[in-house]
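Please keep the sequence and the structure in view while reading.

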Amino acid sequence: EQKHSYKEILLFIENLIQGHCRHPFLNMREIMQPVKDGIEKKQTERPDWDKEDPIRNSLTELFKGNVGEAFSSEEKEEIYEKGEKRYEEKKPPGYMDEKKPIDERYGDLLGWKQIIKHAKGEKKPIIFITDDKKEDW
């Protein structure tokens, strides 16, 4: 997502330039070109995390052997059934994913249920961190 945002930002700037190319007092290309150049420079300098992501590598090592068991097919079916009712009632997590295909629709809910199951089993508090910005969390 971050990798592709460069193209989106550059396209936005180009549209801004084109949209105001006839402004009588502003030369938008002259004003915005240094911004475009700076973004393009940053784009070439950014790490290529598709090839090597040191943070992901550290997290993978940290969590090795510490990931819980997946739900059985029966457990998933039960969660999906309850999830459908929850989503109709707009109960989080994940109700905004109701339009996704079935195999993706209940991902947030499955993750939430796994966290709860783990917390109960360990009898410890859990801190859950996500970058999901939708209101359905």
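Lys-134 counts as partly exposed, at 31% relative accessibility. The model is predicted, and the values below are computed from it. The side chain of Lys-134 meets that of Asp-97 in a salt bridge, with 2.5 Å from N to O. Lys-134 lies in the segment after H6 and Asp-97 in the loop between H4 and H5, so this pair ties together parts that are 37 residues apart in sequence. Salt bridges with shared partners also join Glu-14, Arg-29 and Lys-36 into one network.

Is Asp-97 buried or exposed? At 3% relative accessibility, Asp-97 counts as buried; the cut-off for this class is under 20%. Lys-100 counts as partly exposed, at 33%, and is placed in the loop between H4 and H5. From C-alpha to C-alpha, Lys-100 and Ile-17 are 36 Å apart in space, and they are 83 residues apart in sequence.

Helix H4 carries a further charged pair. Lys-82 and Glu-78 both lie in helix H4, four residues apart, which is about one turn of the helix. Their side chains meet in a salt bridge, at 3.2 Å from N to O. Lys-82 is partly exposed, with a relative accessible area of 48%, and Glu-78 is partly exposed as well, with 44%. In general, side chains of opposite charge can pair when their charged atoms come close. How many salt bridges does a search of the whole structure find? The search finds 11.

| Salt bridge | N to O distance |
|---|---|
| Lys-134 and Asp-97 | 2.5 Å |
| Lys-82 and Glu-78 | 3.2 Å |

Other acidic residues belong to a surface patch. Which residues form the negative surface patch? The patch is formed by Glu-74, Glu-77, Glu-81, Glu-84 and Glu-88. One of them, Glu-84, lies in helix H4. Glu-84 is partly exposed, with a relative accessible area of 45%, which falls between the limits of 20% and 50% for that class.

The next topic is the aromatic side chains. A search of the whole structure finds four aromatic pairs. In one of them, the rings of Tyr-80 and Tyr-106 have their centres 4.9 Å apart and their planes at 25 degrees, so the pair is stacked. The cut-off behind that call is an angle under 30 degrees between the planes. This pair links distant parts of the chain, with the partners 26 residues apart. Tyr-80 is in helix H4 (residues 73–88), while Tyr-106 is in the loop between helix H5 (102–105) and helix H6 (107–122). Both Tyr-80 and Tyr-106 are buried. Together with Tyr-87, Tyr-80 and Tyr-106 form one aromatic cluster.

The backbone has several features to check. Where is the cis peptide bond? The bond from Pro-92 to Pro-93 is cis, with omega near 0 degrees. Pro-93 is placed in the loop between H4 and H5.

Lys-90 is also placed in the loop between H4 and H5. Lys-90 is not a glycine, yet has a positive phi of about 60 degrees. At 45% relative accessibility, Lys-90 counts as partly exposed. Lys-123 is another residue other than glycine with a positive phi, here near 55 degrees. Lys-123 is found in the segment after H6 and counts as exposed, at 73% relative accessibility.

Terms used. Residues are numbered from 1 along each chain as its sequence is written. This is a predicted model: local features need pLDDT of at least 70, side-chain atom pairs count only at pLDDT 80 or more; totals for chains, interfaces and linings use all residues. Side-chain values use heavy atoms; hydrogens and water are left out. Rings of Phe, Tyr and Trp (its six-membered ring) pair if their centres lie within 6.5 Å; planes under 30 degrees apart count as stacked, over 60 as edge-to-face and the rest as tilted. Helices (H or I, at least four residues) and strands (E, at least two) are DSSP runs, numbered from the N terminus. Buried means under 20% relative accessible area, exposed over 50%, partly exposed in between (1.4 Å probe, protein chains only). Patches are made of residues with over 30% relative accessible area and no salt bridge: like charges are joined within 9 Å, nonpolar side chains (Val, Leu, Ile, Met, Phe, Trp, Tyr) within 5 Å. Accessible areas come from the Shrake-Rupley method with a 1.4 Å probe; for residues, only the protein chains shown count as cover. A salt bridge is a side-chain nitrogen of Lys or Arg within 4 Å of a carboxyl oxygen of Asp or Glu. Lys and Arg count as positive and Asp and Glu as negative; His and the chain ends are not counted. The place of a charge is taken as NZ of Lys, CZ of Arg, CG of Asp or CD of Glu.
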